[in-house]
Amino acid sequence: MATEQVLMCDNKLAGADLSTAQYKIVKLSGANVVLASAAGELAYGVLQNDPVAGDAAGIAIGGRTKIRLGATLAAGAKFSTSAAGLAIAAISTHQVLGTIVEGGASGEIGSAVIDLNGVLA
């Protein structure tokens with residue numbers, strides 16, 4: 001069962017309709033956040049709510065959060081983002097966003113510790 005613990009969060013305005021994107025990975029777009037849209041890109045955090053464009057978006061930027069999985073991932077796997085804002089296994093040249101704590105299959109919600117720790121070597 002996916003769990004959350006102490007989170008460091010930030011609030012930004014949603015730059016698009018994110019009403020179906022809770023627990024997906026988001027990136028900055030100017031002063032707003034939008035869904036991550038390129039595999040392995042630098043992201044800002046994990047969306048905690050379901051805002052429409054112009055509403056406040058709560059973003060986990062550190063700590064342990066629930067996260068939507070875009071691939072089967074096991075505990076201990078380093079993850080990055082897919083082009084759909086889902087957690088996938090980090091590969092060479094991907095920005096590592098953190099570590100999976102509770103894994104699962106693609107489409108499930110797992111848990112991860114967010115730690116923007118650079119590009120996977």
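## A tour of the strands, cores and loops

Start at the hairpin that S8 and S9 form, with 6 residues between the two strands. Select Gly107 in its turn: phi there is positive, about 95°. Strands here are DSSP runs of E with at least two residues, numbered from the N terminus.

Before you go on, note that this is a predicted model, in which local features need pLDDT of at least 70, side-chain atom pairs count only at pLDDT 80 or more, and totals for chains, interfaces and linings use all residues. Residues are numbered from 1 along each chain as its sequence is written, and side-chain values use heavy atoms, with hydrogens and water left out.

**Stop 1: the paired strands**

Select residues 98–102 for S8 and residues 109–114 for S9. The two pair in the antiparallel sense over 4 bridges. Two strands count as paired if DSSP finds at least two bridges between them. Which residue in S9 is the bridge partner of Glu102? Click on Ser111. Next, pick Thr99, which stands opposite Val113 in S9.

Keep Val113 selected. Arg64 also stands opposite Val113. Now show S5, residues 56–68. S5 runs antiparallel to S9, and 6 bridges join them.

Find Phe79, whose bridge partner in S8 is Gly98. While the strands are on screen, recall a rule: in a regular strand the side chains alternate between the two faces of the sheet.

**Stop 2: the cores**

Show side chains now. A nonpolar core is a set of buried Ala, Val, Leu, Ile, Met, Phe, Trp, Tyr and Cys residues joined through side-chain atoms within 4.5 Å. Buried means under 20% relative accessible area, exposed means over 50%, and partly exposed lies in between (1.4 Å probe, protein chains only).

The largest nonpolar core has 14 residues. Select Ile25, Ile67, Leu69, Leu73, Phe79, Ala87 and Ile100, which touch the most other members. S5 and S9 each supply at least two residues of this core. A second, separate core has 9 residues, including Ala14, Leu18, Val26 and Leu47.

Zoom in on Leu73. Apart from residues up to four places away in sequence, Leu73 touches Phe79, Ala87, Ile88, Ala89, Ile100, Gly103 and Gly104. Contact means heavy atoms within 4.5 Å.

**Stop 3: the cavity**

How many cavities of 30 Å³ or more are there? The count comes to 1. The volume of the largest cavity is about 40 Å³. Select its lining: Ile25, Ala43, Gly45, Val46, Phe79, Leu97, Ile114 and Leu116. A cavity is a set of points on a 1 Å grid over the protein atoms alone where a 1.4 Å probe fits but cannot get out, and lining residues have an atom within 4 Å of a point. Points are joined across faces, edges and corners, and the volume is the space filled by probe spheres set on them.

**Stop 4: the loop between S3 and S4**

Select Tyr44, in the loop between strand S3 (32–35) and strand S4 (45–47). Is Tyr44 buried or exposed? Tyr44 counts as buried because its relative accessibility is 18%. Its side chain makes a polar contact with the side chain of Asp10 (2.4 Å). A polar contact is a pair of N or O atoms within 3.5 Å; within protein, one must be able to donate a hydrogen and the other to accept it, and residues adjacent in sequence count only if both atoms are side-chain atoms.

Stay in this loop for Glu41. Glu41 is also buried, at 18% relative accessibility. Its side chain reaches the backbone nitrogen of Ser37 at 2.6 Å. Beyond its neighbours within four places in sequence, Glu41 is in contact with Lys27, Ala36, Thr81 and Gln95.

**Stop 5: two positive phi values**

Most residues other than glycine have a negative phi. Select Tyr23, where phi is positive, near 70°. Tyr23 sits in the loop between strand S1 (7–14) and strand S2 (25–29). Tyr23 counts as buried, with 12% relative accessibility.

End at Thr93, in the loop between strand S7 (87–89) and S8. Phi of Thr93 is positive too, near 80°. Thr93 counts as exposed because its relative accessibility is 62%.

Methods:
On a 1 Å grid over the protein atoms alone, a cavity is a set of points where a 1.4 Å probe fits but cannot get out, and a pocket is an open set with protein on both sides within 12 Å along at least five of seven lines; lining residues have an atom within 4 Å of a point.
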